[in-house]
Structures are given as C-alpha cells and as structure tokens.
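Subject: Structure for you to look at

Hello,

Here is the structure I said I would pass on. Please open it beside this message and follow along.

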Amino acid sequence: MSEEQDQNQVSGQPQQTPAKAGGSKSKSKSKSKSKEAQEQAISPQQSVWPFALAFALAVLLIGFIMHPIVLGIGVVLVAVAIIGWGLERR
Amino acid sequence: MATIVERPSVVRRKRFGETYIGSWIMTTDHKKIGIMYIMTGFFSFLVGGLEALLIRTQLAQPNGHVLSPEVYNEVFTMHGTTMIFLFVMPMLTGLGNYIVPLMIGARDMAFPRINAFGFWLVLFGALFLNSSFLFIGPNGFSAAPNGGWFYYAPLSEQQYGCGVAGVVGCVNADFWALGILLLGISSIASGLNFVVTILRLRAPGMTMNRVPLFTWMTLITSFLLLFALPSLTAAAVMLLLDRHLGTHFFDATFHGDPLLWQHLFWSFGHPEVYILILPAFGIISEVLPVFSRKPIFGYTFIAWSGVAIGFLSFTVWAHHMFAVGLPTIAQAFFATSTTLIAIPTAVKIFNWIATVYGGKVSLKAPMLFALGFIAMFLIGGINGAALAVVPFDYQVTDTYFVVSHLHYVLFGGTVFGVFAGLYYWFPKMTGKLLGDGWGQVQFWLMLIGVNLTFFPMHILGILGMPRRIYTYPGNLGYNELNLMATVGAFIIALSILVFIYNVIISLRSGKEAGTDPWDAFTLEWDTASPPKVYNFLTIPIVRSRRPFYDMKNPDIADWKTATH
C-alpha cells in the first residue's frame, strides 16, 4: 500500500489522501482543508513551554552551582515558564 | 467595462512552530519526541563509549599514563552515569515513546506536553552533567563528578573529591546530584505518562491479556520508575543538605551513617537494573515471534514473570552490600531473594527458546541481535546468580568480576536488545530498511568485541583486580587479560562505526521499507512508514494478541481459534 494512503487495515478502512481522491481542483482543495482540520483536531497542539521550562530549570541548576545572579535568572525563567505553560490556550 | 483588480496575495509569515527547527522544539508528537530521545540516547552512547575507550586505553598496559588518577576518576564516573542515565534510559524511553502508542492503537501519549517536557529535561540534564567538564579549577581538574556512578558517602561529602570550588564550595558531587534530580523528574514524568497511556488509551478490544509484550514490559518499567526513583531523589536531596546546609545524614564523624546512602541508593539502584533490562525483554519478545513465524510461546508467563521480576526487584538491593557487614539474617534474606529472581528470568529465557524452537527462523539482523541478547544475558544472569552466593561475593566484591557481570547484563543484554529494536523498527520510523549485510557485520563484530572485552574481566576479578583503580603494577598477572579487554573495546567501537555508516547509507539510498517489511503481527505495522502525525485516522478494533496478523490472514485469524 502506498505511503499516500492512511493505513488502517485492521479496521478495514483504508483512507485516501485528497491527492489520490481525484475530482475537481476545488473539490480536492476543500477535501484537503477538511482533512487538515481533521488532523489538527485529533493531534495534540504544539507548545514551546515544555522546552522553556526544562531550559529554565537547567539555568537554575547552573546558577546554583556557579553564581547567584545566574540562579536568580533561573528562578525568574522558571516562574515565567510555569505561568506561560499554565496560561497557554489549548 | 469592469476592470479586474488582482489583489496582491498575502504571504503569511511562518509561525515558529512551522519552521523546521521550531517544529522539533515545539513538538508534542510522540513520534518526534521518540526520535529525539533516541538521537540523544545514541549521542550519549557515543560520549560514554569514548569515555570507555579512554578507560580501556589507560588500562591496556601496566603503569599507564594516558590519564591522571583524578581525570580517570572523572571519566569512569561520567562513563557509568552517562551510559545508565543518558543512554540506556533515554534510548528505551524513546523506543517506547515511538512504538507504544502505535502498538496499542492510540493517537499519542496521554500527556503530550509532559512527554515533551520529559525529553527536554533529559537533553538539558545531559548538557548540564557534561558541562561540568568545562569548568576547570586552579588545580587543573574539572568539576566533573568523580565519585563513581553510585557516589558512596563519604566520597560525596564536601571535603572530598574537590576539583572545582564554586560559590557553594566543591561542586563535583553537586553536578552529579543536581543532574540526577533533573533526570529523575524526567523519568517520573515519562513513567507516569506511559502508565496512563497504556492503561487508558488502548484500542477497543485490546484487553491487558492482548497487550503486546513490549508494551507490557514498558508498563512494568514505568511502575518501577515511579516507585524506585523517590528513594534516589530523597537521597540526592539529603546529600545536598549535607553538603550545603550543615546536616550530617551520611557523615560518620557527626554520627551520620554512610550506609544509609548505600541503602537509599541501592533501593533505587537494583530496581534500576530491571528498569534498564525489562524493555529489552519486551523488544526480544516482539522480534523473536516475527522472525520465527510463530506466536510467542507462553505469553502469559512472559508477561507475569515480568510483573514478578518487578516486585522482586525491590527485595534484593542489599546484595550490593554483602561486604559492609550486614547481619547474617539479612544476608540470608537478600541472598535468597536474589536467587529467587532468577526464576522468573529463567521462565522468560525458556519461553524465548521455545518460541524459536520449530519455527521458520529467518536470521535477519534484528533476529541475530535478539539471539545474541539471549546468549549474552544468560552469561550475565549466571554470573549474577554466582554473586548472590555470599561467600563468593565476599571474594569478588568490588573487583572486575562485578564489572564483567554488569556489562554482560547491560551491554550483552540491554544494548543487544536496543540494536534488535533499532533494526526492527527503523523501517517504521524512516521508511527505509537498514542494510542487513552491514547489520550482520556489526552483529558479529559486537559479539566478538563484547566477549573479548568482558569475559577476561571474570578472571581479572577472581585474580583480585579491584574495579576503579587507575593503573596496576606489571607483576600481578593482569597484563594480558587487560590488553585483551582493550582490544575488545576497540572492536566494539568499530562495530558502532559500522552501524553509523549503515544508518547513513540506508537513509540516503536504502531499500524502501513499505509499511510492513517483516510481515509482522502488531498494530504499529498497520500504519504508513513513517506513520502520519495522527497515527490512525480510524482507531482499529482488536480481537486477539496479533491483530495485524489477523487482518492479513482472515481465514486463519487468531481470534477464530485462540481463547484470549
């Protein structure tokens, strides 16, 4: 089966991507849009905050070892990352 | 006449998450996170491997001068720490991240952001720990941890092992304790995520009795992480309190107890050994049936022996401490429990052999590594059982015999399991097959290298060579055996170079894998290679332990005959 197809062979419902589905251009465009929307609806949203919080924690630890100013920056970054993560619209 | 005015097309600036780098930094897709875990783990493997080569070069000949004693301490400490916390754990978490949701018919992990957070903690934890090499003190030594991967007290106390003095005094042990805390948070996050994912997000019809064995082992490992890590975390916090706030938990001069550290560390450390090996058991349990063209023999026994190992792993920790002077009754208890744990482990080995027995065996690279795993792990298991015998343990404790044992388990076992998994699932992750010929070359080089490196260490241990010495005199009978071990280590390094070459040429011009190159049994092969971001547009319905096999063979589907 080609990679273009969404395989779901156990449930017996292989789906075709718009490119393979044929039909007019506008039809294929609208199908593509609805598929994109469907994909977005079932996939988790991106977020930068997990990266930001982990980075902030690393800065905090380096600060703990090396210099109080870096430690202070780390504390601020951790607070910003936690608040940003908490307030993120999902 | 109407004029048609063409509106200038509006070009939207790409959001950060749509750029190549942004899509990786902001991803919450379990597959991308899995790949990042695997890449980080493999890079750490290379770093830890270089450290191993430095150790072996130093020990190749008596009175070696490649490394100074201080640097040697740092290198072997970081080798152990890197291989355990930065290679094996991330690598297995990465494989689990990529494969488990696909195997159970889920669209992602239960907590995608926590999943991403867990990965980034590992990456920054790795950078944090290794950055310690960059801080050089006035005495010429770096701030890298230097008290061994289990950092026994009193070596971890403030007055010992000082390479670099920061604002908080000597920082070598701080780097280790704080790095371990950071990585511990990551492991707890990923453990929790796996537990919830596996218990709550399975496809309809996938009862626990039908869950693939790799997923079973990942579930048990995750529980072990959740219950074992608090002990290490508590110990690391107590150590930091000792070092900076004047407590004396581990300081004998103030009536603290250094043995408390050992108890706390090993009550994490021995379950940790099973955390490092159980997912490899799972990989082997997936690979063997596919390449033997048979269902796994004794599914229930393999799954429940994993549970038994998980429970028993919490009862054996003090076998690491026989030589500290435990009461006889404690020695008897821990010797018995250690021997007992060999039973469920042997159950697995018998089941794997029975799976292969009578099958149409295809000796492709994943299968070779799986069979290599069984053989090497068996040696590691048998010499481990020998170490459970207290009088023998007295003789060889803290010698190279122990080094040999742990490397047969963790290299001969886990690393062979990891490569079996990489060769098996690489086509799913990339759409390309890894070259089988180069895989075979790598396997044989690695098998020879592992045995040449680690088998002589048994004899070195029995001859009395202590672990962690930075050199040795030439008249103790260690010379040839050490040279053999060093040659073996370089052969292992060569096998890893072969693997890297294989990956590069396979990605560039490898054979297209298609969706199901191995004619496999489980749900991950029912998706495109690599799978779409949402995995399954329609969640599959499962009716047996081999759902994909059923779909391909409706006339002889398992659910028609099997009762599970």
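Start with the loops of chain B. His255(B) sits in the loop between α6 (213-244) and α7 (258-292) of chain B. Helices here are DSSP runs of H or I with at least four residues, strands are runs of E with at least two, and both are numbered from the N terminus.

Before going on, note that this is a predicted model, in which local features need pLDDT of at least 70, side-chain atom pairs count only at pLDDT 80 or more, and totals for chains, interfaces and linings use all residues. Residues are numbered from 1 along each chain as its sequence is written, while chains are lettered from A and ligands numbered from 1 in the order in which they are written.

Back to His255(B): its phi is near 65 degrees, a positive value in a residue other than glycine. This residue is exposed, with 7 other C-beta atoms within 10 Å. The cut-offs are these: a residue is buried if 20 or more other C-beta atoms lie within 10 Å of its own, exposed if 12 or fewer, and partly exposed in between, with C-beta atoms placed from the backbone.

Arg468(B) also has a positive phi without being glycine, near 70 degrees. Look for Arg468(B) in the loop between α14 (436-463) and α15 of chain B. It counts as partly exposed, having 14 C-beta neighbours inside 10 Å.

Chain B has cis peptide bonds to check as well. One joins Ala153(B) and Pro154(B), with omega about 5 degrees; Pro154(B) belongs to the loop between α4 (112-131) and β1 (165-166) of chain B. Another joins Ser529(B) and Pro530(B), with omega about -5 degrees, and Pro530(B) is in the loop between α15 (479-509) and α16 (547-552) of chain B.

Among the helices, take α11 (residues 365-387) of chain B. Its 23 residues reach 33 Å from first C-alpha to last, close to the 33 Å expected at 1.5 Å a residue; the expected span is 1.5 Å times one less than the number of residues. Helix α11(B) is mostly covered, as 17 of its 23 residues are buried.

Now chain A. Its mean pLDDT (the predictor's confidence in each residue, from 0 to 100) is 73, and 52% of its residues reach 70 or more.

Regards
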